[in-house]
Amino acid sequence: MGPFREAAERNQNKPPIGIRFLESIKKKRLSYRTHQAIVLIVTFLAYTSYHAARKTTSIVKSTLDPESSEVGLKFVPWRITYLSEPVERKSLSWKLGDGWAPFNASDGTALLGELDLAFLAIYALGMYFSGHLGDRMNLRMLLTIGMVGTGIFTSLFGVGFWANVHNFYYYLIVQMLAGLFQSTGWPSVVAVVGNWFGKKKRGLIMGIWNAHTSVGNISGSLIAAAMLSYGWGWSFVLPGLLIAFAGLLVFALLPVSPEAVGADKDEDELDSPNKAGEEVTEPLLVSDSDVKQEAVGFIEAWKIPGVAPFALCLFFAKLVAYTFLYWLPFYISQTAIDGKYLSDGTAGNLSTLFDVGGVVGGILAGHISDRLDARAITAASFMYCSIPALFFYRSYGHLSLGLNIAFMLLTGMFVNGPYALITTAVSADLGTHSSLKGNSRALATVTAIIDGTGSVGAAIGPLLTGYISAKSWGAVFTMLMAAALVAGLLLTRLVVAEVAAKIAESRSQGSPASKAQAAAFDV
């Protein structure tokens, strides 16, 4: 066991084959900045492919269960467009409209809902184990295995089309296994990015980088919709092949940490004191390589100050965000805007603006939190602002298309802003908290705890919406506003601590900004 572990550690500190190839071409070592650029690009493409593969199911629902185009998720544009086409085009619509057993039966919509719930439940559960593994093995290998596995099981769902599979449990098991492999993604990419970027500009950098979520949702929707006319199986196989290819790219190019490639940190990247003689209160992301670090346990990670409130806050934040992700196209198609109902295609395209607002919100929240050096204040403020945004979207979004777009962008910004901030910069901050005494091997576990808890809310929100929306959409929005309020309130203690630290800092006018947030998280 000893020699095996030593060999694994030597392999982990060996640069990826792609990095060695680039260095052989340039005939010199890559700079620290170049490594950072590679990390951002590769992890961005990796998680974009995760979300693109995840999005396909919601697009194919109306093909598997044609009844859902009347009573469920309206998303497939040709079902209205082809009605006025010639007879030969109608034959294509008739084939597409046949559905797919067992999902085209009277309980088809419920079965599709069970697939969603099973995927998200296993994803949330798997997140905890993936974070535990991520702090104990090579993150590049874990990410590669997760992406290739996701590609295989996403493709296997589509293979059911050509294999003429009509057994519900086949699709259920495939979705559960896809969710398990998908759970490897987020803890791994956040840990890798956290290893390369110091705390100084982490919020802004990760806010921009987190756009991969929206880019993946949009690209996944476009790919799946484009492939449907060739057979719904391709809507799963093509994203599956793309994420598997991206996994090979990760294996070839991704440097897990500066130590893994022997890179020296630039002076700007060091979390050094602002003034000579000041004490460092927050350790660097990576500690002295001579110190043998042990991975932090699951329970110990929960006890890190700030982890529990942010994890519970994300539970309610993702409940709101994922309800929009799964139900917004249907809500738009069922709501008369300026007295007119939009087509399925238009409603689906319009719903992507929520993700556009989310990109802006993620960048804005990250930038503000960096400038204020106050993650909790920023996240809570965005959650509170999302409450009136949700109210205005529900109450006035139907008056005109312009108002609908404006309030949708605003809602996306305030809902996804704290969601992006907590899952990226906050997770990285807490994974390198001062209580860990420089131990960097808690980052993946902390990220998994926070996002895994949030993913439980992501599973519950859409499920509750399916029942509540049958009675009243007003009640759905009331639920979402209540969830946003609770999310903000859960951060009250940290907000008060940050405010108190800011006041003390302004009085002393000598404390560095890093001490303010460290004091807030230490409460």
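This is a predicted model: local features need pLDDT of at least 70, side-chain atom pairs count only at pLDDT 80 or more; totals for chains, interfaces and linings use all residues.
We begin with the charged side chains. The structure contains two salt bridges. In one of them, Lys318 is paired with Asp451, and the closest N and O atoms lie 3.1 Å apart. This pair joins distant parts of the chain: Lys318 belongs to helix H16 (residues 307–333), Asp451 belongs to helix H21 (residues 443–468), and 133 residues separate the two.

The same cut-off of under 20% applies here. Asp370 has a relative accessibility of 18% and therefore counts as buried. Arg375 has a relative accessibility of 1%, so Arg375 counts as buried as well.

We turn next to the packing of two helices. Helix H3 (residues 32–64) packs against helix H13 (residues 234–253) at an angle of about 165°, and their axes are 9 Å apart. Because angles over 145 degrees count as roughly antiparallel, H3 is roughly antiparallel to H13. The crossing of these two helices, H3 and H13, is left-handed.

Leu353 and Ile218 are 135 residues apart in sequence, while the distance between their C-alpha atoms is 9.6 Å. Leu353 is located in helix H18 (residues 353–372). With a relative accessible area of 23%, Leu353 is partly exposed, because this value falls between the limits of 20% and 50%.

Finally, we consider the surface. Which residues make the nonpolar surface patch? The patch is formed by Ile152, Leu156, Val159, Trp162, Tyr230 and Trp234, and has an area of about 590 Å². Helix H8 (residues 139–162) gives the most to this patch, contributing four residues. Val159, one of the residues of the patch, is found in helix H8. The relative accessible area of Val159 is 33%, so Val159 counts as partly exposed.

How values were computed: Residues are numbered from 1 along each chain as its sequence is written. Side-chain values use heavy atoms; hydrogens and water are left out. Patches are made of residues with over 30% relative accessible area and no salt bridge: like charges are joined within 9 Å, nonpolar side chains (Val, Leu, Ile, Met, Phe, Trp, Tyr) within 5 Å. Accessible areas come from the Shrake-Rupley method with a 1.4 Å probe; for residues, only the protein chains shown count as cover. A salt bridge is a side-chain nitrogen of Lys or Arg within 4 Å of a carboxyl oxygen of Asp or Glu. Buried means under 20% relative accessible area, exposed over 50%, partly exposed in between (1.4 Å probe, protein chains only). Axes are lines fitted to C-alpha atoms, for helices over the stretch in contact, and angles run from 0 to 180 degrees between N-to-C directions. Angles under 35 degrees count as roughly parallel, over 145 as roughly antiparallel, 65 to 115 as roughly perpendicular and the rest as oblique. A crossing is left-handed if the near helix is turned anticlockwise from the far one by less than a right angle, and right-handed if clockwise.
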